[in-house]
Amino acid sequence: MVNVFGGIFYFLLALGILVSIHELGHFIAARACGVRVLRFSIGFGPILVKRTGKDGCEYAISAIPLGGYVKMEGEDASSDDKALLSKTAFKAQSVAKRAVIVAAGPFFNIVLSVILFTIVNMSGISYSLPIVGDVVPGSKAELSGFKTFDKIVSVNGNNTESWSDVMISFVEKIGSSGKFDVIVRSDLGKGEKRTISMSLEDSVLMRNESPLEKNGLRPCFGKALNVVDKVIEGSPAQRASIKSGDTILSVNGISTDTWYRVSDAIANSSFDELTLVVQRDSKIYQTSLIPEKKQIRGTDKYRPFVGISAKVEKIEGLTKKVYYGLVDGFVKAIGDSVSMARVIIVSAGKLITGSISADNVSGPIAIAKGAQESASFGLIMFLSFLGAISVNLGILNLLPVPVLDGGHLVFLAYEAIFKKEPGPRIQMMLTSIGALLLLLLTVFALFNDIKGF
């Protein structure tokens, strides 16, 4: 129950900030273009609190905290009424001014993301260097020539300083025809340089799948030995007499030379009995166990659980933390926002082609969960999450759907070309269709959220 209320709280907090900034963009642009603003409301529906400022604008907080709006003089006037409008009416302004006012909302969301990412960058960014910890047998990565402890230098000509950079490049390449080059250096980046040719043309990314592990790459967190570090009290492993320090040589006849192979064998067991060959000191013996079903936190799914953890030898230099100054942090924040916007646009295209499964479309439940989880790691992580969602909101609002800002820009483009507005009946029909599509998308996203959690 606490998690539910926590998710709702952080969801409403994030939404309130993002909507306020979005509507502030419309408000400031309207005032700058000489348009009189009648009401600036955070939320929809019945007004809870309102105050009229010296500028004559009514500032309000409304009951339904799922959006907001800026009400401008004459924004709903028909083309026949234009001659009767005052100079401060929205429809009395030029097409260019109206376009600026409409586009200012999404623009302010993107500006907010740059500001938030600048703060995050100045607070210090921890990078996981793109060093391969495991290459899954039979995967695209293995068939392409990746090796354990390869450091990924670049993907398709784009330098990769972190696993995040690699992931973005892989998302862009999923479902794309043809091969692309990945430059790697062996031995944790100290060895020879190689060029690997790879294709992700027939890959389809499902919900909660990593584009890296999907294609056989796992990040390196150290040297994961096939040696047991800890055994949980009362677990299937303890009942099978497995002890700390044991070396697991095979599971169900499959050689397990690293802990990844042990983990894979357990994960693929389907809760059936496992036969393990174990070495203790100089003696080798065989034992069997049946994994327990352990629920995956926050879902209705289960995973096999045997109750052992790996001994991992530490490898220095797998991560680094960089602190940026104001200027460098700001420049990087612009790049971060542009990269994120590009991924959103590319991913939307891949959703249409089917390279990214439609079950990846997330809704308010996923956002609430993400807001709560990021907040649990501290303010900086929450600001980073907020910046990412702000970019998403800005790009989403620029889609050419009539009920969104992008749809209004399409209408304005039509007016600029043909020197007249689309007919009111056409506008109403298209807006209704847009609203229906948005509603269906929201319902679909909610369904995905419920199914995924």
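A salt bridge is defined as a side-chain nitrogen of Lys or Arg within 4 Å of a carboxyl oxygen of Asp or Glu. Helices (H or I, at least four residues) and strands (E, at least two) are DSSP runs, numbered from the N terminus. The model is predicted: local features require pLDDT of at least 70, side-chain atom pairs count only at pLDDT 80 or more, and totals for chains, interfaces and linings use all residues. Residues are numbered from 1 along each chain as its sequence is written, and side-chain values use heavy atoms, with hydrogens and water left out.

**Salt bridges**

- Arg261 is buried, with a relative accessible area of 15%, and Asp264 also counts as buried, at 16% relative accessibility; buried means under 20% relative accessible area, exposed over 50%, and partly exposed in between (1.4 Å probe, protein chains only).
- Arg261 also forms a salt bridge with the side chain of Asp134, with an N to O distance of 2.8 Å.
- Asp134 lies in strand S4 and Arg261 in helix H7 (residues 259-267), so this pair ties together parts that are 127 residues apart in sequence.
- Asp134 and Arg261 are both buried.
- A network of salt bridges links Asp134, Glu213, Arg218, Arg261 and Asp264.
- The side chains of Arg194 and Asp150 form a salt bridge at 2.6 Å, N to O.
- Arg194 is in strand S8 and Asp150 in the loop between helix H3 (140-144) and S5, so the pair connects parts 44 residues apart in sequence.
- Arg194 and Asp150 are both buried.
- The whole structure contains 18 salt bridges.

**Overall architecture**

- The protein has 12 helices and 18 strands.
- Its C-alpha trace spans about 95 × 50 × 45 Å along the principal axes.
- Of the 453 residues in the protein, 41% are buried.
- Among contacts (heavy atoms within 4.5 Å) between residues at least 6 apart in sequence, 65% join residues at least 24 apart.
- The protein exposes about 24300 Å², of which carbon and sulfur atoms supply 61%; accessible areas come from the Shrake-Rupley method with a 1.4 Å probe, and for residues only the protein chains shown count as cover.

**Nonpolar cores**

- A nonpolar core is a set of buried Ala, Val, Leu, Ile, Met, Phe, Trp, Tyr and Cys residues joined through side-chain atoms within 4.5 Å.
- The largest nonpolar core has 22 residues, and those with the most contacts inside it are Phe146, Ile152, Phe170, Val182 and Leu217.
- Two or more residues each come to this core from strand S4 (132-135), strand S5 (151-155), helix H4 (163-173), strand S7 (180-185) and strand S8 (193-198).
- Helix H4 gives the most to this core, with 4 residues.
- Not counting residues up to four places away in sequence, Phe170 touches Val155, Met198, Leu200, Pro211, Leu212, Asn215 and Leu217.
- A second, separate core has 19 residues, including Ala224, Val262, Ile266 and Ile308.

**Buried polar residues**

- Ser41 lies in strand S1 (residues 37-52) and counts as buried, at 0% relative accessibility.
- The side chains of Ser41 and Ser62 are joined by a polar contact of 2.8 Å; such a contact is a pair of N or O atoms within 3.5 Å, where within protein one must be able to donate a hydrogen and the other to accept it, and residues adjacent in sequence count only if both atoms are side-chain atoms.
- Asn121, in helix H2 (residues 95-123), counts as buried at 2% relative accessibility.
- Leaving aside neighbours within four places in sequence, Asn121 is in contact with Val322, Tyr323, Tyr324, Gly329, Lys332, Ala333 and Asp336.

**Surface and loops**

- A nonpolar surface patch of about 810 Å² is made by Ile426, Met429, Leu430, Ile433, Leu436, Leu437, Leu439, Leu440 and Val443.
- Patches are made of residues with over 30% relative accessible area and no salt bridge, with like charges joined within 9 Å and nonpolar side chains (Val, Leu, Ile, Met, Phe, Trp, Tyr) within 5 Å.
- Asp281, although not a glycine, has a positive phi of about 60°; Asp281 is in the loop between strand S13 (274-280) and strand S14 (283-289).
- Lys419, another residue other than glycine, has a positive phi near 60° and is in the loop between helix H11 (405-418) and H12.
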